[in-house]
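Student: Please take me through one part of this model in detail. I would like the cavities, and then the setting around them.

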Amino acid sequence: YNWLLLPTFPDIAVISLMFEEAQYFAPVSTRDDGSIEVELGAGHPGFADPVYRARRNAIAALAVGYVPGTPIPTAEYTDQEHEVWALVSRELGRKHREYATAEYLRAAERLGLPAERIPQLQEVGELLEPLTGFRYVPAAGLVPLRDFYGVLADGLFHSTQYIRHHSTPLYTPEPDVIHEVIGHANALASDRYSRLYRLAGAAARRVEGKEALEFISKIFWFTMEFGVMTDQGELRAYGAGILSSYGEIEEFRGMDIRPLDIAAMGTTHYDITKYQDVLFRAESLEHLEDIVGGFWATCDDEVIARLIADVR
Ligand code: NLE
Ligand code: FE2
């Protein structure tokens with residue numbers, strides 16, 4: 001799955017991802033004629049598919065043209081794109097019952113996403129807002145780290161709008177609308193999870209240094225993206241990255257599962273291009289709120305610098 005291998009841009013995150021040394025994303029650029037081009041790496045499953053590439057360009061152009069405060073532009077998805085959603089949605093629906101936390105399942109139930117077609121991001125926001133106040137904002141590809149996290153405090157979630165290539169439905173390292181919506185919107189429909197997202201945002205705004213921001217982003221990675229917890233007596237997932245991949249969701253119980261630990265999560269390296277082999281387990285939702293919510297609610301540059309120094 002090493003197909004997103006691309007250059008390094010310090011201080012930039014791909015949509016809902018944060019990286020450490022390397023940044024992986026499909027760069028978006030404007031051609032001389034003003035049209036938008038998404039550059040897919042040579043190993044990307046859609047690289048040699050001109051139809052898919054045209055779709056990626058068209059969808060990125062919608063986000064580039066988005067005017068904040070106005071409705072999110074509608075993406076006219078093809079039948080094939082809706083079929084990818086329907087397939088993944090069906091597979092995940094089954095697997096979530098076995099592997100997702102009760103809190104996530106309840107939240108998904110109350111959000112009520114369509115199973116047979118890709119919902120528009122505008123629609124996702126309209127379903128979410130009355131529940132937890134969250135709304136979606138389209139992103140073409142890159143959102144600076146501080147913005148991506150910071151606006152979580154305001155109840156805004158940056159989201160991609162394209163869907164993964166139909167040849168790789170079970171896993172993509174690149175966040176797509178399935179990940180953003182099935183993974184994140186379902187979690188954001190929970191009062192308790194959405195409060196944690198907001199706390200992460202407030203923390204990202206509070207700190208000034210790059211090191212502290214990265215530390216916060218890694219905790220986000222190991223919790224809201226790839227978190228697992230003891231739930232109903234077994235190991236279940238609440239992280240959006242596990243819950244949006246029907247390949248990875250079958251594997252997480254066999255990974256290296258470590259106890260929830262702020263200093264460890266904030267300093268552990270990960271590779272976004274593979275199934276995550278190190279995961280951190282909360283003992284309950286209360287435990288997650290105490291440790292991680294409590295940390296985000298109070299952390300500052302100094303506290304984080306001390307934690308990093310202690311690990312070294
Ligand atoms: N691997 C996830 C998926 O296939 O849905 C996306 C992860 C984005 C962090
Ligand atoms: Fe994400």
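Tutor: The chain folds into twelve helices and ten strands. Helices (H or I, at least four residues) and strands (E, at least two) are DSSP runs, numbered from the N terminus. This is a predicted model: local features need pLDDT of at least 70, side-chain atom pairs count only at pLDDT 80 or more, and totals for chains, interfaces and linings use all residues. Residues are numbered from 1 along each chain as its sequence is written, and side-chain values use heavy atoms, with hydrogens and water left out.

Now the cavities. The structure holds two of 30 Å³ or more. A cavity is a set of points, on a 1 Å grid over the protein atoms alone, where a 1.4 Å probe fits but cannot get out. The largest cavity has about 180 Å³ of space. Volume here is the space filled by probe spheres set on the points, which are joined across faces, edges and corners. Its lining numbers 18 residues; a lining residue has an atom within 4 Å of a point. Nearest the centre of the largest cavity lie Thr 172, Pro 173, His 179, Phe 226 and Gly 241. By class, the lining has seven nonpolar, six polar and five charged residues. Ala, Val, Leu, Ile, Met, Phe, Trp, Tyr, Cys and Pro count as nonpolar; Asp, Glu, Lys and Arg as charged; the others, Gly among them, as polar.

Next, the chain as a whole. Buried residues make up 55% of its 312 residues. Buried means under 20% relative accessible area (1.4 Å probe, protein chains only). The C-alpha trace spans about 50 × 40 × 35 Å along its principal axes.

Lys 218 sits in helix α8 (residues 210-225). Lys 218 counts as buried because its relative accessibility is 9%. Its side chain reaches the backbone oxygen of Thr 268 at 3.1 Å. That is a polar contact: a pair of N or O atoms within 3.5 Å; within protein, one must be able to donate a hydrogen and the other to accept it, and residues adjacent in sequence count only if both atoms are side-chain atoms. Lys 218 and Ile 262 are 44 residues apart in sequence and 9.6 Å apart in space, C-alpha to C-alpha.

Arg 55 belongs to helix α1 (residues 50-64). Arg 55 is buried too, at 16% relative accessible area. The side chain of Arg 55 reaches the backbone oxygen of Glu 76 at 3.1 Å. Leaving out residues up to four places away in sequence, Arg 55 touches Glu 76, Tyr 77, Thr 78 and Glu 81, where contact means heavy atoms within 4.5 Å.

Key: Chains lettered and ligands numbered in written order. 1 Å grid on protein atoms, 1.4 Å probe; cavity = no way out; pocket = protein on both sides within 12 Å on 5 of 7 lines; lining within 4 Å. Buried < 20%, exposed > 50% of the residue type's maximum accessible area, 1.4 Å probe, protein only.
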